[in-house]
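Here is a briefing on a predicted model. It covers a sheet, a ligand site, a record annotation and the confidence scores.

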Amino acid sequence: MKTLVWVEHDGSAVKDATLATVTAAGKLGEVHLLVAGANVGGVAEAAAKIAGVGKVHVADDAAYGHALAENVAPLVVELMGHHDAFLAPATTTGKNIAPRVAALLDVMQVSEILSVESDDTFTRPIYAGNAIATVKSSDAKKVLTVRGTAFEKAAAEGGSAAIEAVSATGDKGLSQFVGAEIAASERPELTSAKIIVSGGRALGSDEQFHALIDPLADKLGAAVGASRAAVDAGYAPNDYQVGQTGKIVAPEVYIAVGISGAIQHLAGMKDSKTIVAINKDEDAPIFQVADIGLVGDLFKVVPELTEKL
Amino acid sequence: MKVIVPVKRVLDYNVKPRVKADGSGVDLANVKMSMNPFDEIAVEEAIRLKEKGVATEIVAVSIGEAKAQETLRTALAMGADRAILVTAEGPVEPLAVAKLLKAICDEEAPGLVILGKQAIDDDNNQTGQMLAALTGWGQGTFASKIEVDGDKVQVTREVDGGLETVSLSTPAIVTTDLRLNEPRYASLPNIMKAKSKPLAQKTPADYGVDTAPRLTIVSVAEPAKRQAGAKVADVDELVTKLKAMGVAK
Ligand SMILES: Cc1cc2nc3c(=O)[nH]c(=O)nc-3n(C[C@H](O)[C@H](O)[C@H](O)COP(=O)(O)OP(=O)(O)OC[C@H]3O[C@@H](n4cnc5c(N)ncnc54)[C@H](O)[C@@H]3O)c2cc1C
Ligand SMILES: Nc1ncnc2c1ncn2[C@@H]1O[C@H](COP(=O)(O)O)[C@@H](O)[C@H]1O
């Protein structure tokens with residue numbers, strides 16, 4: 001089987017989520033990559049070095065500059081003429097593009113796969129991860145999105161794939177990129193961080209969230225996450241949200257501060273290696289999944305912890 | 001312009017899903033079912049567009065078993081004008097839902113279709129994007145803000161790195177994220193009024209759509225359970241444990 005993997009990048013570097021997707025694709029067959037964007041020669045070269053990749057298709061055109069699904073999907077469909085499976089990381093970009101491709105190919109997508117059982121059978125989470133379904137696809141071509149935390153990352157170096165330019169399919173004129181507010185942070189990215197400190201509603205305000213969570217995260221070299229309640233209340237930006245409808249993370253250590261542990265939150269972090277919970281309510285559901293629990297008032301405990309580390 | 005809002009009946013988000021003993025799926029017998037939370041947000045957004053004078057009519061659509069009528073009545077009680085129920089036995093996958101919605105769009109010629117970003121039962125996150133592909137319209141997914149201006153709609157999207165704004169020509173497809181709005185509750189008088197609003201009953205055959213699934217559910221299992229660990233007495237003990245794990249020096 002020949003697979004085509006969507007390369008997620010920021011215009012200069014390949015994003016980590018791509019590497020897990022390459023591993024998933026490798027379980028199906030030969031791995032080809034698609035690098036689409038404007039001035040992406042550098043990205044294509046970096047992509048060609050990923051271990052296990054057979055070929056890199058590059059579509060360098062202004063129409064692909066912001067990965068607009070309306071423009072990218074027809075390009076993928078054209079390449080699917082000689083590939084058997086399309087795989088994209090289950091990032092907001094991948095989730096935006098892949099179903100558009102699937103419908104154009106008249107294929108039912110399998111979302112957020114956790115494992116490849118065979119050529120046509122995959123596991124995936126349903127009901128916020130409260131159940132795992134094994135599904136078999138009867139479509140001739142497969143369209144899959146891949147949960148990044150479920151597969152090992154392919155090595156970013158070691159490969160030497162051929163790079164091949166593909167002709168652009170043009171701007172469909174259906175949508176236009178207007179602007180973006182992308183938060184620049186010195187901290188590690190949430191989805192690839194080894195340690196995450198997450199704050200919940202109990203932080204009480206934007207000021208207190210930053211005054212308590214940030215120093216602890218800085219001490220540990222950790223990324224910062226948040227519950228939906230904290231994001232909705234404006235204590236943290238939307239891209240911090242961990243959970244069923246936010247980011248799925250699986251760090252070595254996840255420290256939940258003032259988070260109750262609703263199933264929608266657990267859906268995003270319960271595969272973390274070690275979970276630490278700080279909560280003043282000893283019956284909070286988060287303690288049912290925590291490896292280490294500390295019952296206490298976070299306003300006393302967190303500064304003390306930061307101090308003693 | 002007309003706005004179509006597809007709404008799905010799902011297990012209520014407060015209910016803990018239980019996997020059936022025979023591994024065939026999640027037990028939906030005698031449990032509370034509700035409108036998918038993202039679809040409530042979609043209905044609310046359509047009503048706000050109508051209150052602003054942008055939308056002229058709101059049509060709620062649901063595909064599923066006959067009981068999905070209740071979900072449509074909820075949408076009507078919130079403020080939708082009329083409803084279409086496409087009854088189908090068994091699960092209908094996003095691709096087939098998108099095909100049915102495409103056929104409905106052909107008949108109704110809406111300016112906007114507002115869907116939820118994902119249904120919280122199957123967590124597919126596909127239908128809106130698929131409908132956009134089939135109609136050939138632009139898509140603004142995971143919206144936290146929608147502004148209609150003439151024949152353009154500007155959509156602010158929640159993306160992994162923060163926020164992104166795109167401008168789409170109408171007709172267009174929008175899918176809602178959680179922070180787009182806070183849905184209203186239907187008042188008792190509006191619930192009463194909703195009972196007499198029009199609700200058309202259709203079948204997939206009326207639209208010539210084959211809803212046979214492409215995916216077979218081989219089995220459904222419980223995820224591996226985590227064991228609750230130990231509680232520590234104080235911060236010092238936590239620090240010792242973190243250090244032992246090599247997390248802190
Ligand atoms: C469709 C849908 C999708 C959702 N998606 C997500 C998602 O992706 N991610 C997500 O997180 N949620 C999601 N939610 C929301 C989820 O159901 C919960 O409402 C949310 O996770 C609660 O956030 P919280 O734990 O911060 O707040 P709360 O549940 O209010 O918990 C606060 C906790 O802080 C503790 N506390 C209070 N004061 C102190 C103190 N001084 N010291 C220590 N502890 C204290 C309390 O004991 C309590 O346990 C979703 C909901 C829906 C309906
Ligand atoms: N059976 C259905 N009936 C009506 N709308 C649906 C149905 N299935 C999905 N949708 C719509 O599509 C959105 C995304 O669903 P999904 O792609 O299944 O995650 C939902 O939030 C609904 O707006």
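Four strands line up as an open sheet in the order 6(A)-7(A)-8(A)-12(B), with antiparallel pairing. Strand 6 (115-116) of chain A and strand 12 (215-221) of chain B are the edge strands; each has a single partner strand, so one side of each lacks a neighbour in the sheet. Strands pair here if DSSP finds at least two bridges between them. Strands (E, at least two residues) and helices (H or I, at least four) are DSSP runs, numbered from the N terminus.

**Conventions**
- Residues count from 1 along each chain as its sequence is written, while chains are lettered from A and ligands numbered from 1 in the order in which they are written.
- In this predicted model, local features need pLDDT of at least 70, side-chain atom pairs count only at pLDDT 80 or more, and totals for chains, interfaces and linings use all residues; side-chain values use heavy atoms, without hydrogens and water.

**Inside the sheet**
- Strand 7 (residues 121-126) and strand 8 (residues 131-137) of chain A run antiparallel and are joined by six bridges.
- A:Thr123 sits opposite A:Thr134 in strand 8 of chain A.

- Ligand 2 has 18 residues around it, where near means a heavy atom within 4 Å.
- B:Asp39, B:Ile63, B:Ala119, B:Asn125 and B:Thr127 come nearest.
- Strand 4 (57-64), helix 3 (94-108) and strand 6 (112-116) of chain B each give at least two residues to this shell.
- Strand 4 of chain B contributes the most, three residues.
- The shell holds eight nonpolar, eight polar and two charged residues. Nonpolar means Ala, Val, Leu, Ile, Met, Phe, Trp, Tyr, Cys and Pro; charged means Asp, Glu, Lys and Arg; the others, Gly among them, are polar.

- A polar backbone atom of B:Ala119 is 2.8 Å from an oxygen atom of ligand 2.
- For B:Gln126, a backbone N or O atom lies 2.9 Å from a ligand 2 oxygen atom.
- B:Thr127 uses its side chain: an N or O atom there is 2.7 Å from an oxygen atom of ligand 2.
- The protein buries 98% of the 470 Å² that ligand 2 exposes when taken alone (Shrake-Rupley method, 1.4 Å probe).

**Record annotation**
- An unreviewed UniProt entry annotates residues 3-181 of chain A as "domain: Electron transfer flavoprotein alpha/beta-subunit N-terminal"; such annotations may be inferred rather than shown by experiment.
- That span is 24% helix and 34% strand, and its end C-alpha atoms lie 33 Å apart.

**Confidence**
- Chain B has a mean pLDDT of 96, and 100% of its residues reach 70 or more; pLDDT is the predictor's per-residue confidence, from 0 to 100.
- The model scores are ipTM 0.96 and pTM 0.96.

How values were computed
Polar contact = N/O pair within 3.5 Å; in protein donor to acceptor, adjacent residues only side chain to side chain.
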